[in-house]
Amino acid sequence: MNKTISFYFGRVLLLGRTNVGKSTLLNKLMGKNISITSHKINTTYFNITGIYNYNNYQIEYIDTPGFINKNNIIHNLFINKKFDIILLVLDRNKWNNIEEKIIKIIKNISIPIIIIINKIDKIFNKTVLLPHINFIKNKISFIDLIMISAKNTLYISNIHNIIYKILPKKNHFFPKKYITNQSKELIISEIIRKYILKYIHNELPYVVKIKVKPFIINSEVLINNLIILLYVKRLSQKKILIGKNAKIINFIISKSQNEIENFLNKKITLKVWIKLK
Ligand SMILES: Nc1nc2c(ncn2[C@@H]2O[C@H](COP(=O)(O)OP(=O)(O)OP(=O)(O)O)[C@@H](O)[C@H]2O)c(=O)[nH]1
Ligand SMILES: [Mg+2]
């Protein structure tokens with residue numbers, strides 16, 4: 001008997017204002033940490049892809065920066081790439097001009113939209129959401145609305161189940177073992193950025209540029225050594241990053257090192273240089 005198996009594949013875009021919990025949700029959908037998260041605004045810098053495999057289904061999730069500027073980065077997203085589903089992530093019943101801007105762009109693009117109302121753990125009386133759901137219905141048409149708590153991993157599988165129902169019948173695009181579009185260097189630099197965000201409490205984390213390089217001596221790569229270059233613009237910023245008696249930078253390095261070692265599954269030495277550029 002000739003039994004043909006159907007495969008399903010689609011690109012699912014996570015959209016929403018900064019801090020609504022897109023990256024937290026991506027990590028929960030994937031069941032592993034792919035994208036860095038923080039309580040501060042503008043955490044995600046790049047589009048981060050997570051490839052999720054389940055039976056005959058393959059989903060390419062794309063986490064995006066919630067930062068929306070004049071150049072309209074959301075709009076640019078749709079120029080080069082085709083998406084199959086949009087997850088519009090909202091923080092409870094918060095809605096302002098950013099959400100208005102986003103729906104203005106996506107309502108003219110005929111891609112199925114799933115509304116995700118996140119952070120419901122922060123709402124004691126859930127009935128306050130009912131008028132808000134009607135409000136959203138009047139704003140944009142969507143195929144489903146799901147209330148979740150990404151942080152507490154509540155109702156995440158409901159999202160998967162809806163996506164499976166509408167994923168296009170298509171061959172898988174990625175090999176099964178492929179989990180993310182990020183290079184090892186980018187993942188490592190994102191780990192370091194997370195700790196810079198965590199330990200420095202001003203605008204500085206947003207201006208530090210991070211470069212990760214292999215350590216090479218006499219054209220030989222020392223595989224357990226990595227060079228981390230941190231670029232800042234001013235001497236005053238360099239001083240803040242280093243901290244009194246190098247306390248801050250040492251803290252960032254040791255925390256990052258642990259996490260990088262877990263990720264690479266081996267012991268490494270980090271050589272960190274802070275440079276002015
Ligand atoms: N209470 C609560 N907090 C959440 C939930 N989901 C995310 N958060 C928190 O919200 C903050 C922002 O989360 P992120 O996932 O970094 O937000 P984001 O939308 O990716 O933000 P950008 O990358 O800046 O666009 C973090 O402190 C998360 O822990 C949730 O369901 N409940
Ligand atoms: Mg993010």
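Helix H1, residues 22-30, contributes the most to the shell around ligand 1, with 3 residues. Helices here are DSSP runs of H or I with at least four residues, strands are runs of E with at least two, and both are numbered from the N terminus. The model is predicted: local features need pLDDT of at least 70, side-chain atom pairs count only at pLDDT 80 or more, and totals for chains, interfaces and linings use all residues. Residues are numbered from 1 along each chain as its sequence is written, chains are lettered from A and ligands numbered from 1 in the order in which they are written, and side-chain values use heavy atoms, with hydrogens and water left out.

Stay with the ligand. In total, 24 residues surround ligand 1. A residue counts as near if one of its heavy atoms lies within 4 Å. The closest are Thr18, Lys22, Thr24, Thr44 and Asp121. By type, the shell divides into 14 polar, 6 charged and 4 nonpolar residues. In this scheme Ala, Val, Leu, Ile, Met, Phe, Trp, Tyr, Cys and Pro are nonpolar, Asp, Glu, Lys and Arg are charged, and the others, Gly among them, are polar.

Next come the polar contacts. Such a contact is a pair of N or O atoms within 3.5 Å; within protein, one must be able to donate a hydrogen and the other to accept it, and residues adjacent in sequence count only if both atoms are side-chain atoms. Val20 uses its backbone: an N or O atom there lies 3.3 Å from an oxygen atom of ligand 1. Ser23 uses its side chain, with an N or O atom 2.9 Å from a ligand oxygen. A polar side-chain atom of Ser149 is 3.2 Å from an oxygen atom of ligand 1. Taken alone, ligand 1 exposes 660 Å², and the protein buries 92% of that. These areas come from the Shrake-Rupley method with a 1.4 Å probe.

Asn19 belongs to the loop between strand S1 (8-15) and H1. Its phi is positive, about 80°, although Asn19 is not a glycine. Most residues other than glycine have a negative phi. Asn19 is partly exposed because its relative accessibility is 30%, given that buried means under 20%, exposed over 50%, and partly exposed in between (1.4 Å probe, protein chains only). Ala246 also has a positive phi, about 60°, and is not a glycine. Ala246 sits in the loop between H7 and helix H8 (247-264). At 24% relative accessibility, Ala246 is partly exposed.

Helix H7, residues 235-242, holds Lys238. Lys238 is partly exposed, at 24% relative accessible area. Its C-alpha atom is 9.5 Å from that of Val208, 30 residues away along the chain.

Now take Gln182, in the loop between helix H5 (156-166) and helix H6 (184-199). Is Gln182 buried or exposed? Gln182 is buried, because its relative accessible area is 8%. A polar atom of its side chain lies 3.2 Å from the backbone oxygen of Ile34.

Ile41 lies in the loop between H1 and strand S2 (48-54). At 49% relative accessible area, Ile41 is partly exposed. Ile41 and Leu167 are 126 residues apart in sequence and 32 Å apart in space, C-alpha to C-alpha.

Finally, the whole protein. It has 8 helices and 9 strands. Of its 277 residues, 47% are buried. The C-alpha atoms fill a box of roughly 60 × 55 × 35 Å along the principal axes.
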